[in-house]
Amino acid sequence: MNKVTITYEGSQVSCDPDKSILENLITQDIDVTYSCQKGSCLTCVMKTDHDVDPKSRAPLKPTLVEQGYFLGCQQKPNDGMVINAADQIGVFHNVRVTNIELRGGQVAIVRLTVPDGYEYRPGQFVNIIGPNYTLRSYSIASIPLDDELEIHVKEHEFGTVSRWLCDKSLIGQEIEISEPEGQCFYLPGRSSSPLLLIGTGTGLAPLIGIIRDALSQGHDGKIELYHGAVNDDGLYLIDELQSLSSEYDNLSVHLGVLNKGSLNHTLEGAINDIALSQHHDLTGWRVFLCGDPDMVKKTKTKAYLADAALSDILADPFDIQDVKN
């Protein structure tokens, strides 16, 4: 196989032209920062003055593209390319933790300052760099009209980043977040079309953001929210959801648990099955799915079989990724 040669950080590297630049560097144990290798996390951002495939720049802001940034995981090496590792300035932002509010079910509502010029859509997610350069993604529950970014964090016993984010000693400190990412958000228009939102655990965060965004833009079609958890402890923001539902006649909130507890108004069973059992025909509906990846995958298929258009099914499965460097 013919090899091509690139220059990375001043050193020549012989590369397989059929693999991405990132794959070539990883294979040769060259120090490089990366995570998902799918073009989503933006951690393998690099810089060059040479021409690159447009898809390697598609997720980046125009200001970054203008400076020659691209994603190493989405670009194959061309002979003679000169590449440098990019600093994270402009890709990751320093923000300050303004508040951490502990809720039931070991969920914390974490609020952050908003970087200047930061544009996001409620329901998108940000990557946060935690201790030991561990990366985790958290969906945005706030809307641009809010003064702060809001994310919901489920504290896991061995979760390096979740335990760190749920520790109130972090209030007042700076952390690093990425540009907003993801396509699971409300688009204006079709304001009378019904919306079906199904989420488990902290999958509620993007769904609340999407609902508030839709309502703030005058959506007057039916909005059906289904939030599920294993048991009562996993349900949170119950009062806030009921208050929002009381304020808007077109919003209905349904809560479900796998193991029925003491809450009288909860349904028993898998929340996605409950939701779809009450909506057999999803023609014309927009469907939003967030939370457990297996639930999201199965529900996406079932929603499609219930005649929801594939383009109207927007999903955000909560995968876990680490940053390597």
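Is R103 buried, exposed or partly exposed? R103 is partly exposed, because its relative accessible area is 25% and that class lies between buried (under 20%) and exposed (over 50%), worked out with a 1.4 Å probe and protein chains only. Here are some notes to read beside the structure.

1. **What you are looking at.** This is a predicted model, in which local features need pLDDT of at least 70 and side-chain atom pairs count only at pLDDT 80 or more, while totals for chains, interfaces and linings use all residues. Residues are numbered from 1 along each chain as its sequence is written, and side-chain values use heavy atoms, with hydrogens and water left out.

2. **Strands around β11.** Helices (H or I, at least four residues) and strands (E, at least two) are DSSP runs, numbered from the N terminus. Two strands are said to pair if DSSP finds at least two bridges between them. Start with β11 (residues 174-178): β6 (residues 92-103) pairs with β11 in the antiparallel sense, over 5 bridges. Within this pairing, I175 of β11 stands opposite V95. Strand β8 (residues 125-129) also runs antiparallel to β11, and 2 bridges join them. Look there for I128, whose bridge partner in β11 is I177.

3. A salt bridge here is a side-chain nitrogen of Lys or Arg within 4 Å of a carboxyl oxygen of Asp or Glu. By this rule the model has 8 salt bridges. One of them joins R111 and E101, at 3.3 Å from N to O. R111 belongs to strand β7 (residues 107-112) and E101 to strand β6, so this pair ties together parts that are 10 residues apart in sequence. R111 is partly exposed, with 21% relative accessible area, and E101 is partly exposed too, at 26%.

4. The side chains of E240 and R103 meet in another salt bridge, with 2.6 Å from N to O. E240 sits in helix α5 (residues 238-247) and R103 in strand β6, so the link ties together parts that are 137 residues apart in sequence. E240 counts as partly exposed because its relative accessibility is 36%.

5. E150 lies in strand β10 (residues 149-154) and R111 in strand β7, so parts that are 39 residues apart in sequence are tied together. At 15% relative accessibility, E150 counts as buried. Through shared partners, salt bridges join E101, R103, R111, E150 and E240 into one network.

6. **Cysteines.** What is a disulfide? A disulfide is a covalent bond between the sulfur atoms of two cysteines. The rule used here asks for a pair of cysteine sulfur atoms within 2.5 Å, and the count comes to 0 disulfides. C15 is in no disulfide, as the nearest cysteine sulfur, that of C44, is 14 Å away. C44 is in no disulfide either; its nearest cysteine sulfur belongs to C73 and is 3.7 Å away. C15 counts as buried because its relative accessibility is 0%, and C44 counts as buried at 4%.

7. **An aromatic pair.** Rings of Phe, Tyr and Trp (its six-membered ring) pair if their centres lie within 6.5 Å; planes under 30 degrees apart count as stacked, over 60 as edge-to-face and the rest as tilted. The count comes to 1 aromatic pair. Y118 and Y120 form this tilted pair, at 6.3 Å centre to centre with 45 degrees between the planes. Both Y118 and Y120 are buried.

8. **A nonpolar surface patch.** Y304, L305 and L310 form a nonpolar patch on the surface, with about 350 Å² of accessible area together. Patch members have over 30% relative accessible area and no salt bridge; like charges are joined within 9 Å and nonpolar side chains (Val, Leu, Ile, Met, Phe, Trp, Tyr) within 5 Å. The areas come from the Shrake-Rupley method with a 1.4 Å probe, and for residues only the protein chains shown count as cover. L305 is part of helix α7 (residues 293-305) and counts as exposed, because its relative accessibility is 64%.

9. **Two residues with positive phi.** L237 is not a glycine, yet it has a positive phi of about 60 degrees. You will find L237 in the loop between β13 (223-229) and α5, and it counts as buried at 8% relative accessibility. D307, also a residue other than glycine, has a positive phi near 80 degrees. D307 is in the loop between α7 and β17 (313-317) and is partly exposed, with 49% relative accessibility.
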